[in-house]
Amino acid sequence: MGRLRADVGAGAGVGAAPGQATAARLRCPRKSVGTQHRRLPTVEAMQIRPVELDDDAEFRRFHEVMDSAERFERPLAGMWSLEEARILFTEGDPAEHVWGVVAVDGDEIVGAGMASLPKHDNRHMAWVMPWVEPQRRRRGIGSVVLEHLLERCRAERRTHHIIETSYPFERRDDHPYRQFAEKHGFTLANTEIRRHLPLPVDEAELDRLIADSAAHHEGYCIVSFDGPIPDDLVDSLCRTKSQLGVDAPTGTLDFEEERIDRDVLREREAQLRRQGRTMISTLAVAPDGEVVAYNDLVIPRDDPPNVYQWGTLVRRDHRGHRLGMAVKARGLKQLQAHLGDALGTTRTRISTCNAEQNAHMVGINERLGFRPVEVSPCFLRVDAS
């Protein structure tokens, strides 16, 4: 479950929150700092307010803070481009309230944040993320932004607050982002591992995996689309996608089934196109015409060398037919055909995340050639209602 569709690596610093933001001055105690730093923000000096989406310079600075924080100690990080982020924050999401804030010290933006609140399901939850550039860490900026986000989320009656982040394996126990989360009352709830698959993948090996899996799902049809899903498959695909949060391992996080319907799916398809992203969806269709498994691969226009593998799910009542391998391997074939001359040049890897304990899906990914590159933990804080 990633509020930014799993490819942002959400959480490299200091976060944001959804909803209507009103300008608010928040307390931040004055501390002594070295002469190489500016003074710390104070109640008189720092203001937390909504990012001005129609101010090109301000939104560029908002994105700059986000990008810098997310890339801290992550040389392989993938990020939303400026234009992709502008569309997301301007348009929002059909199923989520998404909003961003900036921390302003005098006339300078020194921090940023975002939050995402589901509209129709899991209405006790909120995803929050404060962002601070590495050179401005340890000045209290992130704490002030986070407290602002939490206050706004509590005003929306959200009690379960989630921070998602990523950092190197060797820092999984003591990374500054983990220390920051735990300092503010968050506890480790789930650990995902980010893996990369080098492109291109050997076509003969993909053909062999497809043939091996086909022997186990006679009567099922495996189909791929690099555009809108056909109307006759949309409703059953929505039902299957809605189960991802309750079927995938999520540690101590307790999700309700999502409410993804035709309107949500179509609007998300359209927004991806406006962002310049291409989604390749590979579906397993049962003999009765129901979509019972899917895999999504996303090609961002502005983020070479990356391709992202988003959700993959096989419905519980259709497991045991190697449909997971079938949709992933067929999707890779479709991806490589779509990329053409870009394959192995401007597009050199696929990035994906899976829960550490999801042995079955991890096994499929590893058989395809995915290898771990970083840890992506999720932290939870529960406040009284």
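## Salt bridges across the chain

A search of the whole structure turns up 41 salt bridges. Since this is a predicted model, every one of them is read from predicted coordinates. As background, side chains of opposite charge can pair when their charged atoms come close.

Let's start with Glu 133 and Arg 61, whose side chains form a salt bridge at 2.8 Å, N to O. This pair connects distant parts of the chain: Glu 133 sits in the loop between β5 (125–131) and α3, while Arg 61 belongs to helix α1 (residues 56–70), 72 residues apart. Are these two residues buried or exposed? Glu 133 has a relative accessibility of 5% and counts as buried; Arg 61, at 17%, counts as buried as well. Both residues also take part in a network of salt bridges that links Arg 61, Glu 64, Glu 108, Glu 133 and Arg 136.

## Two bridges involving helix α8

Arg 268 and Glu 96 meet through their side chains in a salt bridge of 3.8 Å, N to O. Arg 268 is in helix α8 and Glu 96 in strand β3 (residues 96–105), so this pair ties together parts that lie 172 residues apart in sequence. Arg 268 is buried, with a relative accessible area of 17%, and Glu 96 is buried too, at 6%.

Another salt bridge joins the side chains of Glu 267 and Arg 274, at 2.6 Å, N to O. Here the setting is partly exposed: Glu 267 has a relative accessible area of 30%, and Arg 274 has a relative accessibility of 38%. Both values fall between the 20% limit for buried and the 50% limit for exposed, which is why the two residues are classed as partly exposed.

In soluble globular proteins, nonpolar side chains tend to be buried together. In this model, the largest nonpolar core has 48 residues, and those with the most contacts inside it are Phe 62, Phe 89, Val 128, Trp 131 and Phe 186. Helix α3 (residues 141–155) gives the most to this core, contributing seven residues. Apart from it lies another core, of 20 residues, including Ile 299, Ala 329, Leu 335 and Leu 339.

Which residues does Phe 186 touch, not counting those up to four places away in sequence? Its partners are Val 128, Leu 146, Leu 150, His 161, Ile 162, Ile 163, Ala 181, Phe 379, Leu 380 and Arg 381.

## Around Gly 185

Gly 185 lies in the loop between α4 (176–183) and β7. This glycine is partly exposed, with a relative accessible area of 44%. Leaving aside neighbours within four places in sequence, Gly 185 is in contact with Leu 380 and Arg 381. Gly 185 and Leu 380 are 195 residues apart in sequence, yet 8.3 Å apart in space, C-alpha to C-alpha.

## Strand β7 and its partners

Strand β7 (residues 187–198) runs antiparallel to strand β13 (residues 371–382), and nine bridges join the two. Thr 187 has Leu 380 as its bridge partner in β13.

## Helix α6 and the cysteines

In helix α6 (residues 231–241), the buried residues are Leu 233, Val 234, Ser 236, Leu 237, Cys 238, Thr 240 and Lys 241. What covers them? The elements include β8 (221–225), α7 (244–247), α8 (262–274), β9 (278–285), β10 (291–299) and β11 (306–314).

How many disulfides does the structure hold? The count is zero. Cys 238 is buried, at 3% relative accessibility, and Cys 153 is buried with a relative accessible area of 0%.

## Confidence in the model

The mean pLDDT of the chain is 89, and 89% of its residues reach 70 or more. Over residues 1–41, pLDDT stays under 50, although the model has 164 contacts beyond four places in sequence for this stretch.

Notes:
Residues numbered from 1 in each chain as written. Predicted model: local features only at pLDDT ≥ 70, side-chain atom pairs only at ≥ 80, totals over all residues. Heavy atoms only, no water. Core = buried A, V, L, I, M, F, W, Y, C linked by side-chain atoms within 4.5 Å. Buried < 20%, exposed > 50% of the residue type's maximum accessible area, 1.4 Å probe, protein only. Helix = DSSP H or I, 4+ residues; strand = E, 2+ residues; numbered from the N terminus. Contact = heavy atoms within 4.5 Å. Pairing = 2+ DSSP bridges. pLDDT = per-residue confidence, 0-100. Disulfide = S-S within 2.5 Å. Salt bridge = Lys/Arg side-chain N within 4 Å of Asp/Glu carboxyl O.
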